[in-house]
Amino acid sequence: MTILDKIKELANLKQVSLAEIERKAGLSSGSITKWDKSSPSAEKLEKVAEYLGVSMDYLLNRTEDKFVSNNNTVDHFAEFFKIETEGMSKEEIEVLEKEWKQFLIIRKQMFKDDK
């Protein structure tokens, strides 16, 4: 799969157009589609990867894990959370965080009882 294929796949998942990615990443119009025939600069690829919430290594086919930045579980979760909450209001994110904290408390208690 090419860099362009990966970007198109991720754009489809995020329900955004390539033009929207270009605008948000500060790239010129049509620049991403040119990456099918020529390689992007590291700076441009980094901007797109950051917007899409994936690693450059994923876009370059060096890894299959979209969220790997440095093999750190916290980074993996942070990237996942960033992608999944995009488009949510501040209030929705606050509710999700509160529910997540409650889940972690319950989970911790359950595993504590198993010991």
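Analyst: Let us begin with one residue. At 22% relative accessibility, Glu20 counts as partly exposed, because buried means under 20% relative accessible area, exposed over 50%, and partly exposed in between (1.4 Å probe, protein chains only). This is a predicted model: local features need pLDDT of at least 70, side-chain atom pairs count only at pLDDT 80 or more, and totals for chains, interfaces and linings use all residues. Residues are numbered from 1 along each chain as its sequence is written, and side-chain values use heavy atoms, with hydrogens and water left out.

User: Which residues are linked with Glu20 in a network of salt bridges?

Analyst: A salt bridge is a side-chain nitrogen of Lys or Arg within 4 Å of a carboxyl oxygen of Asp or Glu. Arg23 forms one with Glu20, the closest N and O atoms being 2.9 Å apart, and the side chains of Lys24 and Glu20 meet in another at 3.8 Å, N to O. The partners of Glu20 in the network are therefore Arg23 and Lys24.

User: Which residues of helix H2 are buried?

Analyst: Helices (H or I, at least four residues) and strands (E, at least two) are DSSP runs, numbered from the N terminus. In H2, residues 18–25, the buried ones are Leu18, Ile21, Glu22 and Ala25.

User: How many residues does the largest nonpolar core have?

Analyst: A nonpolar core is a set of buried Ala, Val, Leu, Ile, Met, Phe, Trp, Tyr and Cys residues joined through side-chain atoms within 4.5 Å. Among the residues with the most contacts inside the largest one are Ile21, Trp35 and Val48. Its number of residues is 19.

User: How many residues apart are Lys14 and Glu86?

Analyst: Lys14 forms a salt bridge with Glu86, the closest N and O atoms being 2.6 Å apart. The pair links distant parts of the chain: Lys14 is in helix H1, and Glu86 is in the loop between helix H5 (73–85) and H6. Their separation is 72 residues.
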